[in-house]
Amino acid sequence: MSAIPDKPALEGLESKWGAIWEETGTYAFERDGISRDDVYSIDTPPPTASGSLHVGHVFSYTHTDTVARYKRMNGKRVFYPMGWDDNGLPTERRVQNYYGVRCDPSLPFDPDFVPPHDGTSGKTIKPGDQVAISRRNFIDLCEKLTVEDEKQFEALWRTLGLSVDWKQSYRTIGADSLRASQLAFLRNIERGEAYQAQAPTLWDVTFRTAVAQAELEDREQPSAYHTLSFHRTDGGGDILIDTTRPELLAACVALVAHPDDERFKPLFGSTVTTPIFGVEVPIVAHHLAQQDKGTGIAMVCTFGDVTDVIWWRELDLPNRAILGFDGRIISEAPDVIASDAGREAFAQIAGKTVFSAKQTMVELLQASGELTGEIRKINHPVKFFEKGDKPLEIVSTRQWYIKNGARDEGLRERLLAHGKELTWHPDFMRVRYENWVEGLAGDWLISRQRFFGVPIPVWYPLDADGNPVFDQPIVPSEDQLPVDPSSDVPAGYTAEQRGVAGGFQGEVDVMDTWATSSLTPQLAGGWERDEELYDLVYPFDLRPQGQDIIRTWLFTTLLRSELESGTLPWKHAGISGWILDPDRKKMSKSKGNVVTPAGMLDQHGSDAVRYWAASAKLGTDASFDPQNPTQIKIGRRLAIKLLNAAKFTLSFDASGAGTVTEALDRSMLATLAGVVSDATRAFETYDHQRALEITESFFWTFCDDYLELVKERAHNGTGQIQASAVTALRSALSTFVRLFAPFLPYATEEVWSWFQEGSVHRAAWPVATELTELAGEDADAGLLDLVGTALIGVRGAKTDAKVSMRTAVTLAVVHAPADDAARLQLAASDLADVGRIVELRIEQADVADVRVAEITVETAD
């Protein structure tokens with residue numbers, strides 16, 4: 001036990017107790033001699049290690065930590081790891097800006113390379129000013145920067161007081177993660193769940209990479225309708241088409257209308273020729289065509305949007321893609337453009353961006369007279385990569401996919417069944433998962449044309465002409481993992497056979513970051529690496545996460561567990577809400593309205609910030625105003641009050657403590673027993689906010705009423721009446737400190753050290769029977785509230801008389817209903833002491849509640 005300071009303060013508690021917790025292993029996961037029933041395991045979200053944490057991280061991770069601390073105090077061995085999601089586009093973008101470099105895989109490795117910048121200026125280096133370096137040099141810089149970022153993140157998490165076992169940390173790009181990710185993927189291939197295909201792919205022209213369905217977001221963009229004239233080959237009148245993308249006219253493969261549209265039914269099966277290019281295309285029917293949009297009939301281009309992809313696939317249309325990976329029109333015109341005029345027109349748009357090509361096509365159409373009417377400006381939603389700056393295009397590429405239920409009804413039903421089996425907190429979040437699964441339009445595209453990621457572990461044989469045979473991939477054995485096909489050699493080949501006819505070529509793509517993050521239960525739990533650990537923690541008890549990544553992280557993790565083992569990876573999902581700025585807008589890095597937490601923690605203290613975070617329920621959005629952080633200030637006041645109330649409570653002589661005999665003391669303990677029961681019930685249903693609210697509410701009653709009522713007796717009383725008060729006070733203090741421990745870890749640990757051995761965070765969670773046995777079965781739980789009402793009346797009378805609360809009262813008459821009057825008599829002495837009442841009369845009267853009927857205040861002379 002440590003000495004009680006003269007002036008308890010929150011300042012310095014983070015560094016003091018953080019060091020002690022680390023030294024003593026307070027939060028270490030000890031697995032010797034335990035079974036799965038002894039463990040509570042958490043599949044902690046691995047934050048992206050690029051840049052800085054923001055206040056939203058503090059919000060959601062605090063929610064998880066309160067549960068971890070509660071379970072630990074309930075005797076569970078808590079497996080609470082921390083991961084770092086350090087591969088993927090955010091890391092690459094940060095490295096580019098920080099060091100002023102960009103990756104060019106064609107360049108050789110330079111062992112002496114020194115980056116031109118080190119990020120200390122805070123300036124973003126423009127792409128044109130970035131120095132091209134080899135892939136290996138680039139990856140080395142990614143590794144270097146993420147390690148430094150992770151150190152800063154860990155320091156902040158430690159300051160916040162997360163009770164993580166830091167020996168259980170992992171990186172999504174570390175050797176163990178590489179092996180696990182590649183192993184899971186190889187087994188997907190072996191079972192027929194992973195495949196590659198040449199198909200239309202959503203493509204970000206800035207990052208030059210494919211994008212999955214889950215990474216899309218719609219953004220309102222300005223555009224315009226252009227009305228084009230298509231010419232019927234049967235000699236009938238022209239068909240007018242409204243389009244926002246005239247630059248894709250050369251890629252037109254059909255016109256499509258709704259099968260029930262009477263205007264176009266007679267035309268289904270006939271053909272038209274396209275304006276400018278004169279290519280003959282069919283008129284077809286499909287239910288996705290909108291009769292009330294534009295002219296009611298649309299052109300199908302390969303590919304203008306995702307609906308074009310559906311029409312192309314389901315109507316078995318040809319592919320005449322004209323967009324390259326750089327977002328420019330390709331140089332070679334489609335073969336079907338046979339006329340000299342058509343080829344000359346295509347040459348005018350070849351090599352241009354879609355913006356410039358659109359301008360050129362509009363000029364050509366106007367000159368030919370095939371653009372009719374006015375160009376009509378509109379705003380409409382356009383697909384973007386969630387981290388991108390330009391609209392996505394759709395190009396044809398060879399990519400790797402994992403089946404996700406979009407085209408497998410049996411798998412889809414199993415995933416929906418798992419969603420029902422999982423316990424959601426709050427339950428309404430389940431609908432978001434179900435809507436996502438039911439709305440899947442295609443399998444999960446997992447390959448990315450990037451550099452810093454988990455390599456896809458395959459090679460391709462080269463035929464006699466040096467062409468890759470993609471449908472005969474060469475895969476490594478499991479004991480060879482991890483591998484990097486861009487530098488490693490497959491079994492049966494030599495390094496000299498790389499890239500030559502009859503030899504091999506390595507896959508250069510890497511896996512989408514979600515393809516690794518979807519395996520966090522396996523990565524953290526030691527799957528195929530530490531089977532003893534895996535059996536102790538899997539399936540995990542809790543998956544905590546944000547609501548915005550249900551479609552990505554939660555869904556893909558559940559999918560990978562279903563494919564690998566047919567199991568649900570966790571029992572519970574705790575979904576946090578968003579942090580909103582003062583204008584009620586979601587805080588995010590992309591919006592530029594985030595607040596970094598380091599300054600908050602320094603200014604207000606970690607316990608105060610944790611209190612603010614824990615005051616919000618799971619699934620509920622919370623607003624935060626950094627200029628007026630009211631809730632944080634309330635949390636700081638609470639933590640300081642706990643320190644001071646504890647110091648005051650421990651100042652009373654406890655030499656005779658042992659039993660509780662006085663009615664008011666017994667009442668307080670009986671009420672506190674109810675608080676313990678209610679707080680425990682709330683935690684068991686993952687309602688940390690309710691547990692905090694219940695505890696805090698009675699704590700203020702304890703301080704404002706009970707402590708004031710008994711302090712005279714505890715200080716100056718004699719014998720059993722004094723011992724009763726001190727015993728009750730110390731029992732209550734022990735209970736409150738443990739109830740607050742999940743929320744205010746620093747203040748509670750400080751207080752605990754003043755009168756108990758060990759850590760409060762390893763102490764047993766309070767149980768109601770501790771208090772009811774001390775109070776006795778017949779304790780009147782409502783007495784404290786009744787006396788509190790009388791005390792409020794006395795204080796109010798003094799206020800009305802405009803005198804100090806310390807002013808003596810010569811006479812006070814309290815009226816109460818008969819039963820209440822008799823109960824008040826049991827605490828009359830304490831009430832008289834706190835009110836400085838010389839003569840207190842408690843009289844039964846015909847009144848509805850307790851009230852002060854008469855009071856005589858001692859005069860100044």
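**Strands, helices and cores in a predicted model**

Let me start with strand β11 (residues 252-257), which is joined to β14 by 5 bridges, with the two running antiparallel. Strands here are DSSP runs of E with at least two residues, helices are runs of H or I with at least four residues, and both are numbered from the N terminus; two strands count as paired if DSSP finds at least two bridges between them. Within this pair, A257 stands opposite I297 in β14. Strand β14 itself (residues 297-301) is mostly covered, with 4 of its 5 residues buried, where buried means under 20% relative accessible area, exposed means over 50%, and partly exposed lies in between, using a 1.4 Å probe and protein chains only.

Before going further, some conventions. This is a predicted model, in which local features need pLDDT of at least 70 and side-chain atom pairs count only at pLDDT 80 or more, while totals for chains, interfaces and linings use all residues. Residues are numbered from 1 along each chain as its sequence is written, and side-chain values use heavy atoms, with hydrogens and water left out.

As for the whole protein, the secondary structure comes to 25 helices and 29 strands, and the C-alpha trace spans about 115 × 65 × 55 Å along its principal axes. Of the 861 residues, 54% count as buried. If we take contacts, meaning heavy atoms within 4.5 Å, between residues at least 6 apart in sequence, then 78% of them join residues at least 24 apart.

Staying with strands for a moment, strand β9 (residues 216-232) and β10 run antiparallel and are joined by 5 bridges, and T227 stands opposite D242 in β10. Strand β10 (residues 239-243) is mostly covered, since 4 of its 5 residues are buried. The hairpin of β9 and β10 has 6 residues between the strands, and in it G235 takes a positive phi near 90 degrees.

There is also an open sheet of 4 strands with antiparallel pairing, in the order β8-β7-β16-β18. Its edge strands, β8 (209-210) and β18 (444-445), each pair on one side only. Strand β7 (residues 194-204) pairs with β8 over 2 bridges in the antiparallel sense, and D204 has T209 in β8 as its bridge partner.

Turning to the interior, in soluble globular proteins nonpolar side chains tend to be buried together. A nonpolar core, as I use the term, is a set of buried Ala, Val, Leu, Ile, Met, Phe, Trp, Tyr and Cys residues joined through side-chain atoms within 4.5 Å. The largest such core has 85 residues, and those with the most contacts inside it are L664, M668, L672, Y706, L709, V751 and L824. Helix α19 (residues 688-716) supplies the largest share of this core, at 13 residues. A second, separate core has 73 residues, including F29, L519, F555 and L563.

M668, for its part, touches F698, F702, Y706, A728, A732 and L784, leaving aside residues up to four places away in sequence.

The contact is made by L638, L642, A646 and T649 of α17 with L729, R730, L733 and F740 of α20.

I will close with two single residues. T66 lies in helix α2 (residues 55-73) and counts as buried because its relative accessibility is 0%; not counting residues up to four places away in sequence, T66 touches R610, A614, F683, H688, P742 and F743. D32, by contrast, has its place in the loop between α1 (13-24) and β1 (39-41), and counts as exposed because its relative accessibility is 68%. The C-alpha atoms of D32 and F346, which are 314 residues apart along the chain, are separated by 72 Å.
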